[in-house]
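Please look through the sequence first and then turn the model slowly before reading on. The paragraphs below are meant to be read with both in view.

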Amino acid sequence: MCRSIKTLRPPVLPEEATDEEVRAAALQYVRKVSGFRAPAAHNKEVFDRAVDAVAAATAELLADLEVRGTPARRAG
């Protein structure tokens, strides 16, 4: 679907994904789904909320994934 979104979990990304990387992936996803590169002023708030929600879901997913039998990585 979104080929510009890079995989953010190990072993593809050996270190933890940064907040900036998670947000960039969320932004790409929302852009693709909405069809807008940048929202009009009247849609900016809902666009930004969607990016925040997708970023939060992505961070939770990455924190809870178990990769090749290793325990989930949970930030404090």
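What follows leads from the whole chain to its helices, then to the core, and finally to the charged pairs.

This is a predicted model, in which local features need pLDDT of at least 70 and side-chain atom pairs count only at pLDDT 80 or more, while totals for chains, interfaces and linings use all residues. Residues are numbered from 1 along each chain as its sequence is written, and side-chain values use heavy atoms, with hydrogens and water left out.

The protein chain contains two helices and zero strands, where helices (H or I, at least four residues) and strands (E, at least two) are DSSP runs numbered from the N terminus. The chain has 76 residues, of which 21% count as buried; here buried means under 20% relative accessible area, exposed means over 50%, and partly exposed lies in between, with a 1.4 Å probe and protein chains only. The accessible surface of the protein chain comes to about 5700 Å², and 56% of that surface belongs to carbon and sulfur atoms; such areas come from the Shrake-Rupley method with a 1.4 Å probe, and for residues only the protein chains shown count as cover. Among the contacts in the chain with a separation of 6 or more, 51% are between residues 24 or more positions apart, a contact being heavy atoms within 4.5 Å.

Begin with the helix α1, which covers residues 19-34. At 1.5 Å a residue, its 16 residues should span 22 Å, and the end C-alpha atoms are 22 Å apart, which agrees; the expected span is 1.5 Å times one less than the number of residues. Within α1, the residues E21, V22, A25, A26 and V30 are buried, and what covers the buried residues of this helix includes α2. A24 also lies in α1, but A24 is partly exposed, with a relative accessible area of 41%. Just after α1, G35 takes a positive phi of about 85 degrees.

Which residues make up the largest nonpolar core? There are ten in all, namely L8, L13, V22, A25, A26, V30, F47, V51, A55 and L62, and a nonpolar core is a set of buried Ala, Val, Leu, Ile, Met, Phe, Trp, Tyr and Cys residues joined through side-chain atoms within 4.5 Å. Both α1 and α2 supply at least two residues of this core each. In soluble globular proteins, nonpolar side chains tend to be buried together.

Not counting residues up to four places away in sequence, A26 touches V51, V54 and A55. The C-alpha atoms of A24 and A55 are separated by 8.4 Å, although these residues are 31 residues apart along the chain.

Leaving aside neighbours within four places in sequence, T58 is in contact with L8 and V22. The side chain of T58 also reaches the backbone oxygen of V54 at 2.8 Å.

How many salt bridges does the structure hold? The structure holds three, a salt bridge being a side-chain nitrogen of Lys or Arg within 4 Å of a carboxyl oxygen of Asp or Glu. In one of them R23 pairs with D52, and the closest N and O atoms are 2.7 Å apart. Because R23 lies in helix α1 and D52 in helix α2, this pair ties together parts that are 29 residues apart in sequence. R23 is partly exposed, with a relative accessible area of 36%, and D52 is partly exposed as well, at 41%.

Another salt bridge joins D48 and K44, with the closest N and O atoms 2.7 Å apart, and both residues lie in helix α2, four residues apart, about one turn of the helix. D48 is partly exposed, with a relative accessible area of 26%, and K44 is partly exposed, with 44%. R49 forms a salt bridge with E45, the closest N and O atoms being 3.1 Å apart, and these residues, four apart in helix α2, are separated by about one helical turn. Here R49 is partly exposed at 49% relative accessible area, whereas E45 is exposed at 58%. An α-helix has 3.6 residues a turn, so residues three or four places apart point the same way.

How values were computed: Polar contact = N/O pair within 3.5 Å; in protein donor to acceptor, adjacent residues only side chain to side chain.
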